[in-house]
Every structure is written in C-alpha cells, then in structure tokens.
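Hi,

Here is the structure I promised to pass on. Have a look at it first, and then read my notes below.

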Amino acid sequence: MKASPADILPADHAQAILVGRIQTDAGPSPVVLRGGQLFDVSRSAPTVADLLERGDAATVPGEMVCAADAIGSENGPQLLAPIDLQCIKACGVTFALSAIERVIEERARGDSARANAIRGELEAKVGSIRSVVPGSEEAAKLKAALIEAGMWSQYLEVAIGPDAEVFTKAPVLSAMGWGADIGVRSDSDWNNPEPEVVLVVDRHGNPRGAMLGNDVNLRDFEGRSALLLGKAKDNNASTSLGPFIRLFDDHFTMDDVRSAEIDLTIDGPEGYRLEGTNKMSQISRDPTDLVRQTLSEHQYPDGFALFLGTLFAPIQDRDHPGRGFTHKDGDVVRISTPKLGSLTNRVTTSKAAPPWEFGIRDLMRNLAGRGLL
C-alpha cells in the first residue's frame with residue numbers, strides 16, 4: 001500500500017514528535033520523526049518500551065533513515081505497529097451508543113437480521129444512559145429501574161457501573177501497522193472495524209502519547225455470548241495500530257485526546273462506501289480514569305497500549321435490508337484525525353493474512369545478534 005506523507009502523518013507533523021517502528025534489513029527498529037527527518041534510534045533505545053522510559057525521547061540520538069516525504073512511498077520504510085513489548089489492552093462500552101449496540105448483539109444472539117427490530121425498542125427504553133455519570137448515585141437508580149423493567153444487561157453494568165470493562169486485546173508484538181492487511185475470522189458473518197484513540201502508557205503508569213487503532217470486532221461471536229469476547233477480539237492480524245505514537249508535549253496534550261474526532265471510511269471492492277465519526281467528547285469515562293482502572297492492582301513493567309473505546313457501530317445496510325454492515329474481503333479501512341494522522345489497512349481473513357511468526361524470543365535474539373542488548 002502506498003500513500004503520500006499528507007495521507008499518513010498528522011497535519012501539524014512539523015511540530016510533533018512521532019515515535020514508531022520500521023522494518024529494516026537487520027530487523028525491527030524504533031524510529032523518531034522530528035524536524036522533517038526519520039531517525040533510527042535503535043542504538044540508543046533498542047525497543048520502543050525502552051525509548052518511552054527515557055526523559056530525552058524527543059531528542060534521543062539516531063541515524064537518519066529518510067526525509068518525511070519518503071514515508072508511504074514505494075521506496076520508503078515499511079511501517080510496523082509503533083509499539084513492541086507493551087501489553088495491548090482495551091476498554092469496551094465506554095460510549096452510550098456502543099453500550100446500546102452491545103445489548104442489541106446480546107439480545108439478537110449474534111444474529112444481524114434481528115438487530116434492527118431490537119434497536120428501536122432499546123433506544124426508547126435505555127437511551128437515558130447517555131446522560132448519567134458511570135458509578136454515580138443517578139446511575140445506580142437507573143440500574144434499579146432497568147432491572148425492574150427487565151432491561152438490564154451485563155453490558156449496561158460496565159456502561160454505567162463503577163467498573164469499566166478492560167480486556168486484553170492482543171498478544172505482545174502481534175499488532176499490524178499502517179498499510180498491512182488486517183483479519184476477521186473466516187467463519188464470521190457480522191463484524192466491523194472499531195476506530196479508536198489508543199493511549200501509550202509507560203511502566204510507571206504515565207500516559208506518554210497516543211496513536212490510532214482499529215479494534216476489529218466480531219459482532220456475531222460476542223453477541224452469542226460475552227464469554228466469546230476473546231475469540232471475537234483476538235485473532236491473527238485483528239489489531240492495527242499507528243501510524244506513529246505522538247508524544248505528549250506543549251503542542252499535543254490529553255485535552256487533544258478528549259476532543260478528538262476520529263473519521264472512518266470504508267471503501268469496498270464493489271464500490272460500497274461507508275463513512276462515520278467517533279467523537280471522543282461523547283465518551284462516558286475520562287481517558288485518565290480508564291488508565292487508572294487498567295492499572296488497578298496490576299503492574300506493567302514494559303508499559304501498555306490502551307484502546308479507549310468507540311462511539312462508532314455501523315448499522316448502514318450493505319447487501320440486504322435490515323442486515324446492517326459487515327466486512328468483505330478487500331475492504332480498505334481508513335481511520336484518521338488531524339493530530340494523529342491516518343491509519344489505513346486492507347481487510348482479509350485471519351486465515352489468509354500472513355501468519356504471526358515473530359515473537360518475543362525472536363525479537364530478543366534479533367536484538368542480541370545486532371549487538372543492541
């Protein structure tokens with residue numbers, strides 16, 4: 001996949017500090033984009049996890065790889081997911097709309113044909129969850145009322161209860177980067193992308209920056225049973241991250257995350273086009289609270305990446321009236337926002353996507369062989 005830097009990088013990338021990874025002949029290497037130049041910093045920080053622990057991440061020494069205008073070109077560097085040793089965590093049901101859609105999946109038992117009829121009934125009865133603060137006294141009263149009305153769901157528990165849903169999205173090193181194929185299970189017939197902002201947190205629990213992510217979701221699997229969440233979320237090539245981590249600084253803060261609007265477009269091989277927007281201003285829980293809940297009684301010595309959830313749940317019919325949206329092989333998914341750039345991937349099945357074969361031991365052997373450890 002090829003693109004111009006304007007189609008990949010943040011609109012204000014000239015004043016941004018961007019951290020990523022590229023595939024070199026020697027192996028994967030952390031890079032920093034600053035001042036219009038891309039630098040390989042593997043000699044100073046062999047992993048992104050190491051780089052984000054440094055106080056000089058913005059100025060760490062490196063060897064120039066190319067100018068920014070080569071990124072995305074045919075001869076430019078191959079972009080990998082911008083993290084390496086970090087755990088990949090995700091928060092779900094953090095927007096009222098996504099909570100309603102999860103309840104629809106649950107009541108439809110994963111059958112997309114039933115979803116449209118259920119949607120109208122639920123919107124009328126649980127639409128008030130949009131206005132309550134999770135964990136508040138008002139939320140507790142609403143929960144009691146919904147239980148009395150026979151409308152309660154485990155998804156509403158994490159939508160308005162005190163505890164957020166936090167799960168492990170994917171294994172370490174398994175995420176795909178910009179331009180790579182992403183996979184949905186070959187036996188899924190109701191699925192969708194989930195365009196999200198992803199925070200990157202260091203070993204001390206400090207958010208260091210943010211990037212874009214696609215938390216690919218299988219609505220049929222999770223709808224049949226919430227206990228199938230792992231199978232719905234974690235499959236070969238089912239996570240994409242990138243294009244770069246933008247470090248927090250005077251030009252980019254957590255308030256930019258809170259106000260971000262993430263645009264999504266899906267272009268299908270048959271000429272189909274879907275557009276949507278994820279407005280972070282409508283999130284039910286603050287991003288810093290989601291970091292706190294992820295840390296909980298846990299430690300992450302290599303840090304973690306955290307999907308913050310999505311407002312977007314596509315319901316636009318694709319092939320059959322009332323069946324809503326699902327992916328087709330060859331869909332091109334583009335997730336973008338001005339401050340973080342654009343993450344583009346092409347959809348295939350998890351069976352057809354290249355197998356994940358480069359794990360933690362392979363990375364350690366590679367870095368040791370290059371004299372970087």
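This is a predicted model: local features need pLDDT of at least 70, side-chain atom pairs count only at pLDDT 80 or more; totals for chains, interfaces and linings use all residues.

First, the ground rules. Residues are numbered from 1 along each chain as its sequence is written, and side-chain values use heavy atoms, with hydrogens and water left out.

**The sheet**

Two strands count as paired if DSSP finds at least two bridges between them. With that in hand, there is an open sheet of 5 strands in the order β8-β18-β17-β14-β15, and its pairing is mixed. At the edges stand β8 (181-184) and β15 (273-279); each has a single partner strand, so one side of each is left without a neighbour in the sheet. From one strand to the next, the twist averages 25° (axes are lines fitted to C-alpha atoms, and angles run from 0 to 180 degrees between N-to-C directions).

**Salt bridges**

How many salt bridges does the structure hold? The count is 18, where a salt bridge is a side-chain nitrogen of Lys or Arg within 4 Å of a carboxyl oxygen of Asp or Glu.

- E137 and K141 meet through their side chains at 3.7 Å, N to O. They sit 4 residues apart in helix α4 (residues 137-148), so about one helical turn separates them. E137 is exposed at 60% relative accessible area, and K141 is exposed too, at 57%.
- R258 bridges to D286, with the closest N and O atoms 2.7 Å apart. R258 belongs to helix α8 (residues 254-258) and D286 to the loop between β15 and α9 (287-295), so this pair ties together parts that are 28 residues apart in sequence. R258 is partly exposed at 28%, and D286 is partly exposed at 29%.
- E270 and K328 form a salt bridge at 3.6 Å, N to O. With E270 in the loop between β14 and β15 and K328 in the loop between β16 (304-307) and β17, the pair ties together parts 58 residues apart in sequence. E270 is partly exposed, at 41%, and so is K328, at 27%.

Which peptide bond is cis, with omega near -5°? That would be the bond from G242 to P243, and P243 is found in strand β13 (residues 239-247).

V93 is one, at about 55°; V93 lies in the loop between β6 (87-92) and α2 (96-108) and is buried, with 6% relative accessibility. A237 also has a positive phi, of about 65°. Its place is in the loop between α7 (229-233) and β13, and A237 is buried at 4%.

**Rings**

Rings of Phe, Tyr and Trp (its six-membered ring) pair if their centres lie within 6.5 Å; planes under 30 degrees apart count as stacked, over 60 as edge-to-face, and the rest as tilted. By this rule there are 3 aromatic pairs. Among them is F248 with F252, which is stacked: 5.3 Å centre to centre and 20° between the planes. Are these two buried or exposed? F248 is partly exposed at 23%, whereas F252 is buried at 2%.

There are charges over rings as well, counted if NZ of Lys or CZ of Arg is within 6 Å of the ring centre and within 35 degrees of the ring normal. R34 lies over the face of F39, 4.6 Å from the ring centre, and R224 lies over the face of F221 at 4.9 Å.

Cheers

Notes. Helices (H or I, at least four residues) and strands (E, at least two) are DSSP runs, numbered from the N terminus. Buried means under 20% relative accessible area, exposed over 50%, partly exposed in between (1.4 Å probe, protein chains only).
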